[in-house]
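Start with the strands, then turn to the aromatic rings. Keep the model open as you read.

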Amino acid sequence: IAGTTESPVVAATVVSESPTINTVQFNRVAADLAWSEDTLTVTQLVLLSDRGALTVDRVSLDTQNNRLQVQGGELKEFSYPALYVLIAESPYIDEPDAESVRSLLARLSRPDEGMISASFMAEGPIDQIEARVSLDAQEIDIGEIENVQLSVEAVSRRGEVLLESFEAAADALNVTAQGTLIANGQIDLEVDAYNVDLAALTPATCPTHISGIATARADIEGPIDAPTVTASIEMVEPTIYGIEFDRLRASQITIAEENIDISRVLLTRDDHSAVFYGVLPWNWETFSVPVDRPIDLHATLEEQTLEILTILTDAVTTPTDDPGLISAAVDVTGTVANPNLSGQMMISNGNIGIKNFQTSFNNVQAHIIFEQDLLRVETFTGASSAGGTFQIVPGGTISLGNLVQSVQGQPQGEINLALVLNELKVVEQDLLGYQERITGSFTTTDSLTLTGSLNEPFVAGTIVISDASVLL
């Protein structure tokens, strides 16, 4: 220590053995410190551990003019798990302005391996710092995607953060991005993603019921907390709520002003296709679709064969030569939690079988109306392949209840149907596994009613069975 009491000059060498920083154990910290004329200078800063090292040639802070200079900063093969803990256990993480960091850490599971190397420098006023970072990461896991290689080049200049290049690669996966990350609270970024396995990515983002291999391009611009996103996407072999398709293609999806505008989405499977478009609500804070805000969706299924039913469920079979035709058009308004449906579905000359049953249903004619949260039967008739007919009495209804739960295979609605059988004959072989042959004719004296919960309906009525036989 030298100089005057008003303007001292201080120099020191600081060494700490086995320090702990934010619960992470290091081997050694060493630095040369100096204070002179309102300027703090740190040289030869070294932070060593068994899992890498952080070195900085020179750090200078001019407290009088609030200027910072960082020269020769380098992160050498530093442990990604250790870096994750350093950030996650930092006192800063509980601050209000660290919400985006907390959200990112919550989406990323705590890593077990990975290595990061980087170089960095900075110079200028603290509130207008100019900095450059080059980063390379090896063997990083993101969700279930393993051994991701990252390369990032970023520059901070006059309050703006520019992403000069970003690339993530793993096997067939490749994601690139460039543009402005932050500029006066705005973002302007271009992102291209190829061969993204959504099922593997899910744990690192948010729960979803969609999987498949996706290729997408997106332009992101506007306020950083609620930007406008314009994207196109194509998926190969997507699975949506357990239903497998060949391809999904969305020519343009725009997220803007708390809405998702879907211009046209095409879903295909074999020779079948469905188209839907419309508007969904969106919340940037929760990164989800709110269930209590208005929706406006439209879906069309132009006339095609009933083979499409075998895509939706494996409990149904159809003959390949003449399965019959189906068409549908549905509009959905209201909210996700309380949808308001309108439209209709038509089946003509349908031939439908049930898995493991020999008797099938022929000449099925159906006209079903979508009305608010109900499916209302206008017409539903058919015949057994062995003889006799059946009919669902017109006016019967099925309520969907919560649309989200219904789509996820957890229906919460109610059923109110009446079924009439007129000498409906059944002929089955080896139904019970005893090589038996069962035949019979079924007739309802009035009607067979199905009421109550979709999960556990109450069945009531009288059935007369005639000409029945069991041959063992």
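Strands here are DSSP runs of E with at least two residues, numbered from the N terminus. Two strands pair if DSSP finds at least two bridges between them. This is a predicted model: local features need pLDDT of at least 70, side-chain atom pairs need 80 or more, and totals for chains, interfaces and linings use all residues. Numbering runs from 1 along each chain as its sequence is written, and side-chain values use heavy atoms, without hydrogens or water.

Take strand 24, residues 339-354. Strand 23 (residues 325-334) pairs with strand 24 in the antiparallel sense over 10 bridges. A hairpin of 4 residues links the two. Gly334 bridges to Pro339. Strand 25 (residues 361-372) is another antiparallel partner of strand 24, over 9 bridges. Here Gln344 has Ile369 as its bridge partner. This hairpin has 6 residues between its strands, and Asn356 in the turn shows a positive phi of about 75°. Strand 22 (residues 316-317) also pairs with strand 24, antiparallel, over 2 bridges. Val316 bridges to Ile354.

Now the rings. Phe, Tyr and Trp rings (six-membered for Trp) pair if their centres lie within 6.5 Å; planes under 30 degrees apart are stacked, over 60 edge-to-face, the rest tilted. The count is 4 aromatic pairs. Trp282 and Trp284 have centres 5.8 Å apart and planes at 85°, so they are edge-to-face. Why is the pair of Phe361 and Phe390 edge-to-face? Their planes stand at 75°, with centres 5.4 Å apart, so the pair falls in that class. Phe361 lies in strand 25 and Phe390 in strand 27 (residues 389-392), so the pair ties together parts 29 residues apart in sequence. Phe361, Phe380 and Phe390 form one aromatic cluster.
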